[in-house]
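Open the structure in your viewer and keep the selection panel at hand.

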Amino acid sequence: MKTNKQNINLRELFRQNLEFAEVIPDAAVKLKLMRRVARKEFMRFNPARLNIYYLGGILITGITTAVILFSGSKNFDRLNPLSIPGKINQSDTSSYIEILTEQPISVKHDNSDVIHKESIRSKSTIRIPDKLKGEVSKTSQSDDNSPHFPTVISNSFSKNNLFIKVTPVTKKLQSEFKTNAVLIDPSSSAGCAPLKVHFHNNSDSYDSCRWTFGDGGYSNQKDPEWIFDVEGEYKVVLEVYNHDGEYLSSTASVTVHPRPQVRFEVAPEKAVLPTDEIRFMNYSTNAVQFKWDFGDGSTSESFEPSHTYKKFSKYNVRLLVFSDWGCSDSLTLFNAFSGSEYSIDFPNAFIPNTQGPSGGYYSSKSDEAAQVFHPSSIGVSEYQLKIFSKLGIPIFESNDINLGWDGYNNGQLCEPGVYIWKVRGKFRNGEPFIKMGDVTLLKN
Amino acid sequence: MMSDQQIIELCAKHDRKAQQVLYDRYSRLLLGVCLRYATDKAEAEDILQDSFLKIFYSINDFTGSGSFIGWLRKIAVNTALTHYHKNLKYRYHIDIEEYVSVETGVTSFEENFFNADELYKVLNELPAGYRMVFNLYAVEGYKHKEIAEMLGIDTNTSKSQYSRAKAVIRDKLEKLGKLKSSYSENN
């Protein structure tokens, strides 16, 4: 039965064999499923079977709703109907990457035709959004004739994040108010999402100002800070008002680049170190550049590298990816090859069969009577068990995990009492283990 | 013997008997689908349970146009994808046992060298991401564009993962083939 495997179309092979393949599920699956259905059925609202639980549920819900509505309507009365819901900014404190950005920023004024260029070197810490850190406070104005700034948003952030300065300059406002037209070309600034931008209002004197950030957020602080969470181009508008209600506006644009997303897997999933060649499967998106750190001092910049480790140890594998725009993301797989599911444990007593030596091979039947001393283990590949008497004389030795001690030495049943055991070996992933302890031989 | 139509109508009324009949009739086929997307049989059975819960509680969504089996399969595949997304990055692989599987006899591949059990084993051992793409493209017959949307990846990523998955599978099959032919020679 020799086949030319190259001629087999893999797609056909799998489709024809597996598309309508049937596998018999365990009988327990049906039981579990029907139990879950029964539970769901009980929780399902069914007017035909309205019972005391539902009645209770409806009563509680009704009361709660009534209470909420009652207290809620009271609160709403006090709120200014003009208030605009402010956008809450996000910042994060979990994983972070440090990058250095050099951001050239140019600001151009129509009036002066001067282009300012400044370069701001900033050490930045980019955090992935996780917790809300913003506070929103609301104030409202009672005077309906003046411009409305109903929402004041103050954001308090944990330390200094990505920091780019945009400076739409509206100096000498008072004189410019007369000329009535000050348009400022958008000063370009860009960065990676989430991008924290500090805006500076250079106006000399004014009564009030209002920022709109282009993503639905507002502020009327003088120098607000804003975080753009989502990629895109934003038009930031600053309006400055004097006491007569006249105003001046200037705009700046902020470009927020998308952040790449790093994802990878290690194959084979149960690797044996150092024997196996480890392949790294890369599922990152939006990324063009890759930096692997295998945790043993070696690195790679290829898309899906392979690597062989020299010895078994705890390795943290880290992948750092960069997008076209230099935005980065990283993921560290801590202790990537740990055999956390591997174990070996010994009982502390057993009762040998007095009928004669059993040879040490154990079964579930001999385990019921605890006749053979042996470990319960998962994932053991190499194994050596030694048993000593209290005087340190070796009594028993086994290199086979399936062979335990039946309590006999040279065909003679050993005396009841305490014996010392020592085990050494390796788990399937190459991790070594050594354990010691004592076991009590009991008399039946 | 109830027809599918009768079962669907009764299931829509949450008839417990009809649900059991539905399970008995299609669980083997759907587990066959789920197993292709899982690392082992236990995981496949979890997916199967979730699939049937979805089937029971959204049977009203089945419009009657198109085949009922096709609809069931689609739900199983979607549930498997949900599981994959949930377990991404944190999956551990467990050795697979021997499956009891029934060939439906619809096809007999000329070069019937590998049986369904072996092909399942090969799929189960694939890295999860490759397994998803390979199943969706090769067996389910989705287009790369659709797969990209389902998995939230780029179309090109789907294509390249498919070709890499093929390479890994071919590698595994070749090893398995050598093992098998040496085994049959010895006997």
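What percentage of the 444 residues of chain A count as buried? In this predicted model, the figure for chain A is 25%.

Start by selecting chain A. Colour it by secondary structure to show five helices and 31 strands. Among the contacts in chain A with a separation of 6 or more, 67% are between residues 24 or more positions apart.

Next, select residues 41-57 and 68-87 of chain B, which are helices α3 and α4. Their axes come within 9 Å and cross at roughly 125 degrees. An angle of 65 to 115 degrees would count as roughly perpendicular and one over 145 as roughly antiparallel; α3(B) and α4(B) are therefore oblique to each other. Their crossing is right-handed.

Now show the side chains where the two helices meet. On α3(B), pick I47(B), D50(B), S51(B), K54(B) and I55(B); they face L72(B), I75(B), A76(B), T79(B), A80(B) and H83(B) of α4(B) in contact. By class, this contact has six nonpolar, three polar and two charged residues.

Move on to the largest nonpolar core, which has 55 residues. Those with the most contacts inside it are L30(B), C34(B), L48(B), A76(B), L119(B) and V133(B). Helix α2 of chain B, residues 16-37, gives the most to this core, with 11 residues.

Stay on L48(B) and display its contacts. Beyond four places away in sequence, L48(B) touches P25(A) and V29(A) as well as S27(B), L30(B), L31(B) and C34(B).

Last, select V236(A), V254(A), V262(A) and A287(A), which are among the 39 residues of another core, apart from the largest one.

Notes: Residues are numbered from 1 along each chain as its sequence is written. Chains are lettered from A and ligands numbered from 1 in the order in which they are written. This is a predicted model: local features need pLDDT of at least 70, side-chain atom pairs count only at pLDDT 80 or more; totals for chains, interfaces and linings use all residues. Axes are lines fitted to C-alpha atoms, for helices over the stretch in contact, and angles run from 0 to 180 degrees between N-to-C directions. Helices (H or I, at least four residues) and strands (E, at least two) are DSSP runs, numbered from the N terminus. Angles under 35 degrees count as roughly parallel, over 145 as roughly antiparallel, 65 to 115 as roughly perpendicular and the rest as oblique. A crossing is left-handed if the near helix is turned anticlockwise from the far one by less than a right angle, and right-handed if clockwise. Two residues are in contact if their C-beta atoms, placed from the backbone, lie within 7 Å. Ala, Val, Leu, Ile, Met, Phe, Trp, Tyr, Cys and Pro count as nonpolar, Asp, Glu, Lys and Arg as charged, and the others, Gly among them, as polar. A residue is buried if 20 or more other C-beta atoms lie within 10 Å of its own, exposed if 12 or fewer, and partly exposed in between; C-beta atoms are placed from the backbone. A nonpolar core is a set of buried Ala, Val, Leu, Ile, Met, Phe, Trp, Tyr and Cys residues joined through C-beta atoms within 7 Å.
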